[in-house]
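Hi everyone, thanks for coming. Let me put the structure up on the screen, and then we can walk through its spaces and contacts together.

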Amino acid sequence: MKHSFRLYRHYIAINIRSAMQYKSSFWLTMFGQLLSTVSTLFGVIFMFQRFPVVKGFTLNDVILCCGIVQMQFSLSEMWARGFDRFAVIIRKGEYDRVLLRPRNEILQVFGSQFELSRIGRLIQGALMLAYGIIRIKIHWDVLKVLTLFNMILGGTALFTGLCIIRAALCFFTLEGLEFMNIFTDGAREHGKYPLNIYGDKFLLFCTVAIPYALVQYYPLIYILGQRTEWWLAFLPLLVLLYLIPCIALFRFGVRHYQSSGS
Amino acid sequence: MIHMENVVKTYRVARRNAGAKAAFKALFRREYQEIRALDSISLDISEGEIVALLGPNGAGKSTTIKILSGILYPDSGIVECNGFVPYKERMRYTREIGVVFGQRTQLFWDVPVADSFELLKDIYDISEQTFQENQQELTELLNLQELLRTPVRQLSLGQRMRCEIAGSLLHSPKILFLDEPTIGLDAVSKLAVRQFINRLNEEKHTTVILTTHDMQDVEALSKRVIMIGKGRLLLDGTIDDIRKEGESLDESLVEFYQGIEGLGKEEKS
Amino acid sequence: MKKYFSFFKLRLQMGMQYRVAALAGMATQFFWGFMLIFAYHAFYESNPDAFPMEFSALASYIWLQQAFLMLFTTWRFDNDILSMISDGGLSYELARPVSLYRMWFAKNLAMRLSEATLRFAPVLLVAILVPKPYGLSLPKSPWHLLLFLVTLVLGLLLTISFLMLIYGLSTRMLSSTGIRVFLSSVMEFLSGQIIPLPFFPDKVRFVLELLPSAGMQNVPLRIYSGDLSGAAMVRAIVLQIVWLFVFVIAGELLLRNAEKRAVLQGG
């Protein structure tokens, strides 16, 4: 375990050194990322000028929520980039090399890529979060700080899990996987609003089928004080369990790969 | 050291006919065609041998290497390498082998070669002492002194191949697989690679299995030649079994391959 | 003309090879459409009086936007052209006996038409089946449909003439990525891709409707449902045509200048 951690750190270091070979491209991508959601944010601001309160949420609540989702998404994009671009790894035959090394496959794929430029979007999300925290009167206590931390952890895990599922599908087909963008990019884009905005049935779907609501709506209403049940703070951690089937699916894909040699 | 017995491997390949109608159909149902890549292959290789796998493209050479290195499962048959079943005991087995793919790199493209080596040290859990000794030795033998500080993308193909080989030997593997190690290299690099492999084999008794299309590789390196065609073992002998009087090796090989084509025809009739 | 049509056919054939990608794209657009409509519905419920459009008109706007996404997106560039500009391969293109502006315009038109052709019909068909007021309404009259189609073509041409300006500007720069990303996202916002123009604050909206960006998707998509009509509609169409002329002339000048420089430098 300790060795694995050291190896992972080594992978990251080498990836960052590689990225620094192309400094101008790095900065351009980072700034692009930093500005990526500005127009979305303006759209939200204009909408709330017309409709100050929607389903119990104000503009500041939505900015806070949007910031957290952006952070969850960008963190997963940053560290799970290897799964994100897994189609390329398969197409180039690089997965053979993974199998030739005496290390856990998943650790190796995580290590193969680290996209530091996603820090642009992360900063943008953090700014929105900070703005929300300053503007909304929240009675902060230890549990609420912990809730915020759990949300970011659980949300990053959720997006990472979705990336792993898409990567697992790459073992079977490389065509049409764009539909998975609905669950990743779609969740980032539409997750800017608290999920109950989209209706009760949708909220239910996001609670049981793909547990977005566990890292967004429920802990959010706890932080905002709309509900006070303490266990809402820990719902995001349930998402960590959801990683188990994702990894199982990936392992199943590996077995298929080893028997089909595609 | 290496034992293969009646190993069979078939691939399923999606078949698609031309035309819009067929393409539309393929959206919903695919037709598959079975391709037999290895058709009951049996062979034994002892420790310290250098063996060349020959055969036309698509003959099953790469499949053989992939099965022996644990990347692929066979459909049936027995595979045992150095006491392991490669595809079952991947984590422990891969510590004992080194693999070089001539057409792909295992080094990080944008950082100096030495950085990639350091990473390999962590991947294979090589002790500091062993790592230093091996790196020093390989640097001398393969003449890497100038190259270690250079990013991989700035190396020529021959320089890169020397680094690739060094990288796959840092953990002192017992078996070395080389898939087309001299493809695209200039004459000087080819010679250097061949000399090194021979020396490695003599001094460390590393078992070497290579695939190649270059008959000079075979002449320079291996006493033993295994020829595969259409998934079957066609010849297990020496280069002299292919050579004919008054012809170049390449010409003799072409005749041999044409013989395989004939074999295919007989089957059909 | 025939030349340009063959570009279109070639593009369509290339696009056909990626049918599965097209299916995936359609699924994404359905999903996107539904999510947007659900969100707007929540806003509508919170205060129906503040809603600046009829809800069914908004739903139609969103479905048409999803169906014709490929026609109006400001993010789709021709990568061949971009790499040609950055590699300085312009002089090869000049060797062909066609005007650079017309050829690039036709290429972009063909690319967008072929991509939209593969996708729009199924999206519209399903959107019509979605119950009122969430679905796509039928056009108010054949007259509206006709005006919709005419302004759709104008809006498409205006969008491409805007891209041509960006290509033109790119020929004068070492790296065009920054300016491209900036202009594309500004245009995306101002043309009503993020939120339809009626949802902007009234003062902002007054200015926005005079800008060329308003003539892209805003005009046809709102004429379809009758949200834009009467004198405002006539004004919008006139502005579409005026801006189209301005953009085409400006683009022609930029590219002619680039041609001259390419010839002088010998590529």
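Let's start with the second largest pocket, where α1(A) supplies the largest share of the lining, 4 residues. Helices here are DSSP runs of H or I with at least four residues, and strands are E runs of at least two, numbered from the N terminus. A pocket is found on a 1 Å grid over the protein atoms alone, as an open set of points with protein on both sides within 12 Å along at least five of seven lines; a cavity is a set where a 1.4 Å probe fits but cannot get out, and lining residues have an atom within 4 Å of a point.

Before going further, please keep in mind that this is a predicted model: local features need pLDDT of at least 70, side-chain atom pairs count only at pLDDT 80 or more, and totals for chains, interfaces and linings use all residues. Residues are numbered from 1 along each chain as its sequence is written, chains are lettered from A and ligands numbered from 1 in the order in which they are written, and side-chain values use heavy atoms, with hydrogens and water left out.

Back to our pocket: its volume is about 1,100 Å³, where volume means the space filled by probe spheres set on grid points, joined across faces, edges and corners. Its lining counts 34 residues, and the closest to the centre are A:Arg85, A:Glu94, A:Ser112, A:Gln113 and B:Phe108. Besides α1 (2-19), the elements of chain A that give two or more residues are α2 (23-35), α7 (94-99) and α8 (105-112). By class, we have 14 nonpolar, 12 polar and 8 charged residues. In this scheme Ala, Val, Leu, Ile, Met, Phe, Trp, Tyr, Cys and Pro are nonpolar, Asp, Glu, Lys and Arg are charged, and the others, Gly among them, are polar.

Since A:Glu105 sits in helix α8 of chain A and B:Arg90 in helix α3 (residues 90-93) of chain B, the pair joins two chains. The rule asks for a side-chain nitrogen of Lys or Arg within 4 Å of a carboxyl oxygen of Asp or Glu, and over all chains there are 38 such bridges.

Now for chains A and C. Here 27 residues of chain A are in contact with 32 of chain C, contact being heavy atoms within 4.5 Å. About 2,600 Å² is buried between them, 77% of it from carbon and sulfur atoms; that is accessible area (1.4 Å probe) lost on putting the two parts together, summed over both. This interface has 1 salt bridge, between the side chains of A:Arg50 and C:Asp202 (3.5 Å, N to O). On the chain A side, the elements giving two or more residues are α3 (38-50) and α11 (181-190), and α3(A) gives the most, with 9 residues.

The largest holds about 50 Å³, and its lining includes C:Tyr40, C:Tyr61 and C:Gln65. That lining has 7 nonpolar, 3 polar and no charged residues. The second largest cavity, about 40 Å³, has C:Gln65, C:Phe68 and C:Gln217 among its lining residues.
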